[in-house]
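Please view the sequence and the model first.

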Amino acid sequence: MTGRYINGANDNGTGTVLTMALAKHFKNGEFNDYKNVNFIFLLTGCEEVGSKGMKAFLREYKDKLDKDNTYFIVIDNIGSGKITYLEGEGMIVFKEYNKQLKYIANELKDLYDIQKFKNLLLPTDSLPVLNQGFNTISFLGKDEYGNMENYHWHTDTIDKIEKEHMDYCEKFFIDYINLILKKITG
């Protein structure tokens, strides 16, 4: 609205950096036994203009992935506020995220200061995933009122991102993925 460019440090530089850090942890063997699990660390882009990146990925790979055993963990705007997982997507028709992924996130509530919200008014990259029948969950950083700091505003700059917070998020997602692996690989 102002015609000013947005730096995108939080949206979604933080999700990008965190995904790359998780890929490095995977490469270094820091996740539980994953012999029968394939990991794809996906950076889609274009979420604000209709999730074009995620839709392009799904067009190319949806028939090559097992819908029952593929899990999408969408990380967006995680650089400030509490780690927040959503319960689903949709303004008019609500589509619920995978129950097991939500349950596992909830199991970590005693270790991490996380919260849940029903949904956003705008879709995340999980919506096209849900529409294709895959398991998914979205995580964002929100305050207790559901606001995302500096969201789509010229103040979304790197100086607003705290390293300690990102380290905390990184640890959470390592624990979250390990717990998923423990549950799905038995």
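## Terms and basis

A residue is called buried at under 20% relative accessible area, exposed at over 50%, and partly exposed in between (1.4 Å probe, protein chains only). By that definition, F172 is buried, with a relative accessible area of 0%.

The model is predicted: local features need pLDDT of at least 70, side-chain atom pairs count only at pLDDT 80 or more, and totals for chains, interfaces and linings use all residues. Residues are numbered from 1 along each chain as its sequence is written, and side-chain values use heavy atoms, with hydrogens and water left out.

## Aromatic pairs

Rings of Phe, Tyr and Trp (its six-membered ring) pair if their centres lie within 6.5 Å; planes under 30 degrees apart count as stacked, over 60 as edge-to-face, and the rest as tilted. There are 15 aromatic pairs by this rule. One of them joins Y85 and F139, whose ring centres are 6.3 Å apart and whose planes stand at 55°, so the pair is tilted. Y85 belongs to strand β2 (residues 82–86) and F139 to strand β6 (residues 135–142), so the contact ties together parts that are 54 residues apart in sequence. Helices (H or I, at least four residues) and strands (E, at least two) are DSSP runs, numbered from the N terminus. Y85 and F139 are both buried.

F139 also pairs with F172: the ring centres are 5.6 Å apart and the planes lie at 65°, so this pair is edge-to-face. F172 is in helix α5 (residues 163–185) while F139 is in strand β6, so parts 33 residues apart in sequence are tied together. The relative accessible area of F139 is 1%. Ring pairs link Y85, Y112, F139, Y168, F172, F173 and Y176 into a cluster.

## Charges over rings

A charge sits over a ring if NZ of Lys or CZ of Arg is within 6 Å of the ring centre and within 35 degrees of the ring normal. The charged end of K67 is placed over the ring of F134, 5.6 Å from its centre. K142 lies over the face of F117, at 5.1 Å from the ring centre.

## Salt bridges

A salt bridge is a side-chain nitrogen of Lys or Arg within 4 Å of a carboxyl oxygen of Asp or Glu. The count by this rule is eight salt bridges. In the bridge between K82 and D113, the closest N and O atoms are 3.4 Å apart. This pair links distant parts of the chain, with K82 in strand β2 and D113 in the loop between α3 (99–107) and β5, 31 residues apart. K82 is partly exposed at 28% relative accessibility, and D113 is partly exposed with a relative accessible area of 43%.

E107 and K183 form another salt bridge, with 3.2 Å between the closest N and O atoms. E107 lies in helix α3 and K183 in helix α5, so the bridge ties together parts that are 76 residues apart in sequence. A salt bridge between D167 and K163 has an N to O distance of 2.8 Å. Both of these residues, D167 and K163, lie in helix α5, four residues apart, about one turn of the helix. D167 is partly exposed at 35% relative accessibility, whereas K163 is exposed, with a relative accessible area of 57%. A network of salt bridges links E96, K99 and K102.
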